[in-house]
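Please open the structure in the viewer and keep the sequence at hand.

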Amino acid sequence: LALGSVLSACGRVAQGVSCLMHLSRDLPKSRETVMKYLQHISAKYPMQFPPILGMAELHILEGRDEPALDLLWKAVQRDSQDTDIILRLLNRIAEKNPKMAGVYIGIGKVYLKAGAYVKAADHITRDVDMDPSLSEQGIKLCHDIISCDPSEISAYGAISRFFVRMGRPLAAVSFLSSSGDSHPEIREKLLSRMEEIAGTSPDHAEILKNLAWDYLKVGKPGSAVQSMERALALDLSLVGEGEKLFTAVIESGGDHADVRLGRCRCRLNVLDLQGAFEDVRQSVRLDPEKIDAGIDLLHEMKEKGLHDAAFYTFFGDLFAMKGSYEPGIRILQEGLQTVLGEKERLQLLIRLADHHEKAGDLESAGKTLEKARELSHDHAAFYTKMNEFSLGRILSETRALEVRADHGESLSQHEVVRLVTHLVLLGRKDRAEQLVRDQTRSRGSEETKAIWANFHEQTGNYALAAACADAGDRYHRIHLLESAGEPLLAASALDQE
């Protein structure tokens with residue numbers, strides 16, 4: 001005791017404390033007296049660490065672990081460099097009391113001061129796991145770790161774990177997300193932890209929303225879309241965020257059909273019907289397999305009030321793409337009852353005629369075009385459709401007559417003439433000539449000559465046509481002679497008339 005006191009009084013504090021501690025270890029009954037000496041030395045030399053560490057060890061030897069912890073933390077706060085001694089004392093407490101709250105946080109604090117951040121985070125986490133009431137303290141200490149080393153993933157993981165233990169998984173995800181914004185170089189590692197939290201909270205829409213944005217930030221648009229769709233299925237109030245995310249995906253080069261349909265659903269919920277309609281159009285353009293989904297969404301748009309000509313035209317076209325003409329026709333007819341503008345009604349009538357024609361109802365197609373004629377006013381689209389319709393009827397009639405002729409049926413003279421005229425018009429001159437030969441084998445000479453005359457006239461051989469023409473039909477004969485470049489013969493026939 002005297003030696004320790006004298007050494008300390010001479011300013012050799014470490015040696016004095018060491019002497020006193022030898023005594024306390026060898027002679028337990030001296031510990032109370034040694035404690036008083038150490039307290040006196042510490043009061044005289046408040047910036048010296050040896051007396052503080054000595055008092056902490058005395059408390060440990062006497063089984064008073066909590067005051068020992070307080071003293072050790074006091075030493076740490078004063079930037080003591082005696083970390084090995086402090087850790088040794090803390091580990092002695094931990095060995096004696098493995099479940100004592102605060103021990104491992106103390107060890108973590110020492111490791112934090114020593115720059116061993118992984119060990120610091122591990123020990124802090126261990127203590128909080130044993131005593132959740134230490135969560136706030138653990139969060140603060142892990143923030144201290146991050147401020148020292150922003151790339152220390154273990155600290156981010158620990159903080160998120162503490163938030164989850166506190167029943168605040170959204171706070172954990174928000175913390176990780178904002179940390180990723182501050183430190184993009186570790187965003188993917190933080191995202192893995194966010195996925196774990198989302199897995200334990202599958203029905204938390206806000207967590208899924210945050211996860212979607214982070215997926216997009218790391219270049220995973222597919223995962224972003226899936227996560228946002230799950231969030232929207234849980235909470236439709238997030239449609240604004242959903243539309244923003246889907247738009248961001250599209251603008252970043254991820255313009256896929258599913259993304260368009262996702263944004264369409266968001267726009268439907270905020271009654272942006274024109275925007276939703278455009279998304280459906282683009283989704284079908286990108287992936288024709290989305291026709292059924294598009295039809296369902298168009299039905300919703302119609303119920304919510306979208307009734308313009310472009311809408312009904314596209315709606316009908318989707319059914320036509322499926323080969324379901326009847327539903328498409330009903331949609332277009334409904335549009336005609338709703339749309340008032342002449343130009344728009346003409347557009348619907350032309351499309352309706354087209355659907356009737358493709359459905360094989362040429363009579364309804366013709367009647368619809370007659371209605372369109374009343375609104376056409378020399379409209380180019382009407383005349384284009386009329387030409388298409390006429391060609392369609394020619395092709396349809398040609399197919400029907402050819403089938404009958406191929407089955408050996410003898411067509412009427414009128415039918416043969418029409419079929420030959422159509423075939424030549426379609427550029428099938430050889431087929432027309434063969435059909436004339438087949439159909440005139442068993443006919444009388446007058447019918448045969450008339451049929452051949454028509455064939456030659458259609459193919460531009462007017463001289464042969466005139467030779468085959470009925471002599472009684474002088475005007476037709478005169479026309480053929482003139483067309484054949486025989487004006488004198490034509491004049492002679494006219495004089496005879």
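How are α11 and α13 oriented to each other? The model is a predicted one, in which local features need pLDDT of at least 70, side-chain atom pairs count only at pLDDT 80 or more, and totals for chains, interfaces and linings use all residues. Residues are numbered from 1 along each chain as its sequence is written, and side-chain values use heavy atoms, with hydrogens and water left out.

Select residues 169-182, helix α11, and residues 205-217, helix α13; helices are DSSP runs (H or I, at least four residues), numbered from the N terminus. Their axes lie 9 Å apart at an angle of about 20°; axes are lines fitted to C-alpha atoms over the stretch in contact, and angles run from 0 to 180 degrees between N-to-C directions. α11 and α13 are therefore roughly parallel to each other (angles under 35 degrees count as roughly parallel, over 145 as roughly antiparallel). Contact (heavy atoms within 4.5 Å) involves, among others, Leu170 and Val173 of α11 and Ile207 and Asn210 of α13.

Next, select residues 13-26, helix α2, together with α1. The two axes come within 7 Å and cross at roughly 165°, which makes α1 roughly antiparallel to α2. On the α1 side, Leu3, Gly4, Leu7 and Ser8 meet α2 residues including Val13 and Gly16.

Finally, select Ser8, in helix α1 (residues 2-9). Ser8 is buried, with a relative accessible area of 2% (buried means under 20%, with a 1.4 Å probe and protein chains only). Beyond its neighbours within four places in sequence, Ser8 is in contact with Val13, Gly16, Val17, Ile41 and Tyr45.

Note on methods
Helix = DSSP H or I, 4+ residues; strand = E, 2+ residues; numbered from the N terminus. Parallel < 35°, antiparallel > 145°, perpendicular 65-115°, else oblique. Buried < 20%, exposed > 50% of the residue type's maximum accessible area, 1.4 Å probe, protein only.
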